[in-house]
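The following note concerns the structure shown below.

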Amino acid sequence: MRIAQVAPLYESVPPKLYGGTERVVSWLTEELVKLGHDVTLFASGDSLTSAKLVPVAPEALRLSPHCIDQLAHHIVLVETLFRERANFDLVHFHIDYLHFPVSRREPLTGITTLHGRLDLPDLVPLYRTYPEMPVVSISDAQREPLPWLNWLGTVHHGLPADSFKCYAAPGNYLAFLGRISPEKGIESAIEIAKRVDMPLKVAAKIDRVDSEYFQTSIKALLDHSLVEFIGEIGNDEKNEFLGNAAALLFPIQWPEPFGLVTIEAMACGTPVIAYPNGSVPEIMKDGVNGFIVADEDAAVKAVGRLGEIDRAKCRRYFEQHFTSSRMAQDYLNIYQRQIERDPASTNILDGVSSWTKLTPPSSTT
């Protein structure tokens with residue numbers, strides 16, 4: 001099957017440091033290539049992949065000192081993809097709605113995974129304008145603001161089983177990994193650590209949009225004997241950072257679409273203490289891979305219960321539900337259904353059954 005994966009250009013695929021969507025695109029692309037598909041990746045030129053790479057920008061836009069207008073590069077990305085659309089049986093977009101005006105007028109067989117939050121009022125008129133676009137959610141919870149979209153299915157993220165090793169013994173610190181922004185709950189994480197008198201290691205990036213929030217609300221909080229600010233880390237450093245932690249704190253203040261860091265922690269055998277917002281109740285199993293708590297008081301109590309979590313069982317839960325091989329199979333099932341719906345794709349249906357019957361369909365599709 002000839003598949004195009006269209007990634008955002010903000011980070012390389014995979015990202016050198018922080019980056020969720022581009023990392024998922026990398027894992028999916030590599031799994032599809034491993035299964036024998038002819039995959040072309042549209043991404044930044046510094047991406048690393050076993051697929052055919054079409055470099056649309058020389059390097060990841062966020063880390064480029066030369067990039068001022070990121071949208072301009074994404075318009076070029078859409079144009080480049082549509083020039084080559086006849087070369088693919090299916091196009092998988094990961095750039096949200098940017099391609100919708102062209103996709104409506106230049107039809108192709110494709111799907112779009114929506115990776116971000118959908119509860120913003122600005123999105124309602126946009127998606128009302130394009131209600132026919134076939135989209136995929138990364139959690140059922142993500143759909144709640146816009147249940148009337150043309151949803152093809154939900155596919156939970158997955159990562160390679162061998163990318164993280166399980167740490168059998170917990171460390172003596174709590175971990176916070178992600179972005180320093182109001183919605184990620186860094187203030188709550190610091191308060192929880194202070195109340196339980198445990199060190200907190202913070203590995204997080206600071207986006208330009210959050211720089212004022214960092215300066216006015218967070219910088220002073222990091223100047224505490226229990227808090228160590230590490231800064232942004234890459235994938236190679238995550239295993240040790242998460243695996244040596246007693247727990248990952250995930251006190252999110254927003255409707256989290258997925259929360260990739262939660263399954264990264266699970267893969268390390270590290271329990272997660274999380275607030276029940278967005279996808280959290282869908283991704284976590286309370287008492288197995290951590291604790292879902294209502295507030296700081298409950299989080300403090302949960303830290304005292306970390307000994308109840310079997311880190312080997314936490315890892316097994318990850319292996320059963322959140323591997324990239326499962327994610328790829330879920331997407332292949334959706335690809336097949338989408339091709340069958342498209343009359344222009346009937347010429348490739350004869351070969352469909354052999355590349356989809358690999359494992360039983362996941363309940364997340």
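1. Cys268 sits in the loop that connects helix 8 (260-267) with strand 12 (272-274); helices (H or I, at least four residues) and strands (E, at least two) are DSSP runs, numbered from the N terminus. The model is a predicted one, in which local features need pLDDT of at least 70, side-chain atom pairs count only at pLDDT 80 or more, and totals for chains, interfaces and linings use all residues. Residues are numbered from 1 along each chain as its sequence is written, and side-chain values use heavy atoms, with hydrogens and water left out.

2. Cys268 counts as buried, its relative accessibility being 0% (buried means under 20% relative accessible area, exposed over 50%, partly exposed in between, with a 1.4 Å probe and protein chains only). Beyond its neighbours within four places in sequence, Cys268 has contacts that include Phe164, Cys166, Leu242 and Arg311, where contact means heavy atoms within 4.5 Å.

3. The disulfide count is 0, a disulfide being a pair of cysteine sulfur atoms within 2.5 Å. For Cys268 the closest cysteine sulfur belongs to Cys166, at 7.9 Å, which is too far for a bond. Cys166 in turn has its closest cysteine sulfur in Cys314, at 7.4 Å, again too far for a bond. With 33% relative accessibility, Cys166 counts as partly exposed.

4. The largest nonpolar core has 52 residues, among which Met266 and Tyr335 touch the most other members; such a core is a set of buried Ala, Val, Leu, Ile, Met, Phe, Trp, Tyr and Cys residues joined through side-chain atoms within 4.5 Å. Helix 12 gives the most to this core, namely 7 residues. A second, separate core comprises 30 residues, including Ile190 and Tyr275.

5. An open sheet of 7 strands shows parallel pairing in the order 3-2-1-4-5-6-7; two strands pair if DSSP finds at least two bridges between them. Strand 3 (52-57) and strand 7 (150-154) each have a single partner strand, so one side of each lacks a neighbour in the sheet. From one strand to the next the twist averages 25° (axes are lines fitted to C-alpha atoms, for helices over the stretch in contact, and angles run from 0 to 180 degrees between N-to-C directions).

6. Strand 6 (residues 134-137) runs parallel to strand 7 and is joined to it by 4 bridges; Val136 has Gly153 of strand 7 as its bridge partner. Helix 12 (residues 324-341) lies across strand 1, strand 4, strand 5 (110-113), strand 6 and strand 7, at about 140° to strand 5.
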